[in-house]
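User: I would like to learn how to read a structure, feature by feature. Can we take one as an example?

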Amino acid sequence: MISSSSLSSLHIPPLPKPNQTQRKNWKPSSSSPTETLTPTPKDLLDNFNTCFELKQLHSYIIKANKDYSILPVTRIASICALSPNFDYARTIFERVEKNEIFTWNSCLKSYAESESPVNAIRFFYQLRQANLCPDTFTCSFVLKACSILLDLHNGRIVHGLVLKLGYQSDLFLQNTIVHMYAKGGAINDARKLFDKMPRRDSVSWNILITQLTKMNEIDKAQELFDQMPDKSVRSWTAMIAGYVQCGKPKEAVNLFKQMEEAGETANEVTVVSVLAACADLGTLDLGRRIHEYLDKCGFRKNVRVCNTLIDMYIKCGCLEIARSVFDEMEERTIVSWSAMIGGLAMHGEGEEALKLFLKMTRIGIRPNAVTFVGLLHACSHMGLIAEGREFFTSMTRDYGITPELEHYGCMVDLLSRSGLLVEAHEFIKNMPIKANGVVWGAILGGCRVHKNIELAEEAIKHLLVLDPLNDGYYVVLSNIYAEKGRWEDAARVRRLMKDRGVKKTPGWSSVTVNGELHEFVAGDGTHPQAEEIYQKWDELLKQMKPRGYIPDTKLVLLDMEGEDRKVQVLYRHSEKLATMFGLMKTPPGTTIRIMKNLRVCEDCHSALKIISDIVDREIVVRDRNRFHCFKNGLCSCRDYW
């Protein structure tokens, strides 16, 4: 330590060359004929950035007999931590007479929240080696770093220290430890600690519930949620988001309704999750109600909320409303533009998608990988081969984006739809990454449309390895054989399905009427109004046949005997039943919106086009691949596929 008696022997090093900020505040010295610059104490206090400059300031304080309390101790700590000058800083802190560990905690907090949280752990060990006793804040900052790094080893060490120092009564610290274990994957340890906690708050419960949902342990999360004494909005939101992430949107919507009944008010995070569930289910009525709530609460200023709202309307078949939400946004991100471009492509509005992309690039928005997926889909559905090739090349050439499997799949789909099957096959063989089932499935679909058996057999060889339980591929190949009159080969494929235990996925369709979701499966006779639905179909059928409707029985399983029986199976497809119910239960002129888990079959596609003209209604069907907007006897898609 430097004493006042040694002032005369102090060597004060020369001042460094001032930077531009310092130069503005310095005043010329009148004692120098050459007008030198001398910093004021305020300049030194505000601008030192290195330990060398700190030592200059220290020397100045001693020489001028200033009080050490004017030193910014937090700044000193940030400069000297994790450096050879750590001990030097400690000598200054002794003179400041402040809680030293409090000062070092500011460094720990900064390290834990930085891009290199491992420095918080390193500095923590440095403090321990210096025999500085940590307080609860010290431990919490280090545990935060351990959580970010998923470092259970050091997390357990800090937990042990917490017990040793008797800090286990600190609720915030206990919650931090539970979070560290849960996020690090030691969910059982987190639960044990949770169960032993003498006191818990909503944060304690929410930590476990959130981590369980992230691990797809939704049933355990629900069990814990049910036991929770006081559920907060965050608790409800965690569960709702968990159900959405686990692919259970119906449960998410039901839970949201329970939340409303409990009198809780949704926040912005809640509505994002519920809108995502509405998008998956196609529950437009609830989505619209939430839209009104957003306008009332002023949440429309939140870009993420608006992006989710656009996605919901797109997936519910309301493209025009989605576009109006997009146009009204005060601020748009690349997510906003990409969602709208992809939505236009999905609805068969490929030209509008390309125009929107051009507008986006003109105002300087840089596209990302998702943007190009939408563009390639648009080109595929419009048959724009040259444009699709150019977009695929532009990804890497102009934007440095490495194509992913989805982009390769889009290109194979584009070439296959256009009948360029040999080129599509060569494209797959030259891909730098291994093709997955989606890529080979795209070329198989092209083989079905363009009747290429040889390439279809090549595709199915790969698909039986990559996705052996996907019944759709077997059915497509069987139908290709059937259309060529190769009945033995078609039957062989069906037997292969049976031998491998592959069952045909039941087709289901849903339609929402007056806020209630109605689901139908093929041949459904369980609906309370099944008889009326079949009667409605029979009535329409009398008008459809004169307009050219002929049941396409080749789509029916071949092991079924009798043409009449096959026809009856076609008549009971789920999308037809859902359409009949919608026609019965909604006013004339109302758009009918149907969600289907599989691709719309060719027979239903032909039937719905004719029905839309007979009843003068728009029928929007979202299937596994895209939207079909039937109106005036036409469909929005360029072709069935």
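User: Which residues does UniProt list for "repeat: PPR"?

Analyst: Some ground rules come before the answer. The model is predicted, so local features need pLDDT of at least 70 and side-chain atom pairs count only at pLDDT 80 or more, while totals for chains, interfaces and linings use all residues. Residues are numbered from 1 along each chain as its sequence is written, and side-chain values use heavy atoms, with hydrogens and water left out. UniProt positions are given in the numbering used here, feature names are shortened, and annotations may be inferred rather than shown by experiment. The unreviewed UniProt entry lists 100-134, 170-200, 201-231, 232-266, 302-332, 333-367, 368-403 and 470-504.

User: What is the helix and strand content of residues 201-231?

Analyst: Helices (H or I, at least four residues) and strands (E, at least two) are DSSP runs, numbered from the N terminus. Residues 201-231 are 74% helix and 0% strand, with end C-alpha atoms 10 Å apart. Residues 232-266 are also 74% helix and 0% strand, and their end C-alpha atoms lie 10 Å apart. The chain as a whole has 33 helices and 8 strands.

User: Which elements line the second largest pocket?

Analyst: Work on a 1 Å grid over the protein atoms alone. A pocket is an open set of points with protein on both sides within 12 Å along at least five of seven lines; a cavity is a set where a 1.4 Å probe fits but cannot get out; lining residues have an atom within 4 Å of a point. Points are joined across faces, edges and corners, and a volume is the space filled by probe spheres set on them. Here the second largest pocket holds about 740 Å³. It has 27 lining residues, and H179, V203, I207, T210 and R234 are the closest to its centre. α8 (136-149), α10 (171-183), α12 (202-214) and α14 (233-245) each give at least two lining residues. The largest share, 7 residues, is from α12.

User: How many cavities of 30 Å³ or more does the search find?

Analyst: The search of the whole structure finds 2. The largest share, 3 residues, comes from β3.

User: Is T586 buried or exposed?

Analyst: Buried means under 20% relative accessible area, exposed over 50%, partly exposed in between (1.4 Å probe, protein chains only). T586 is buried because its relative accessibility is 17%. T586 sits in the loop between α32 (574-585) and β5 (592-596).

User: What joins the side chains of T586 and R617?

Analyst: A polar contact is a pair of N or O atoms within 3.5 Å; within protein, one must be able to donate a hydrogen and the other to accept it, and residues adjacent in sequence count only if both atoms are side-chain atoms. The side chains of T586 and R617 make one of 2.8 Å. A polar side-chain atom of T586 also lies 2.5 Å from the backbone oxygen of G582.

User: What is phi of D616?

Analyst: Most residues other than glycine have a negative phi. Phi of D616 is positive, near 55 degrees. D616 lies in the loop between α33 (602-615) and β6 (619-622), and is exposed, at 57% relative accessible area. N216 is another non-glycine with a positive phi, about 65 degrees. N216 is in the loop between α12 and α13 (218-227) and is exposed, at 52%.
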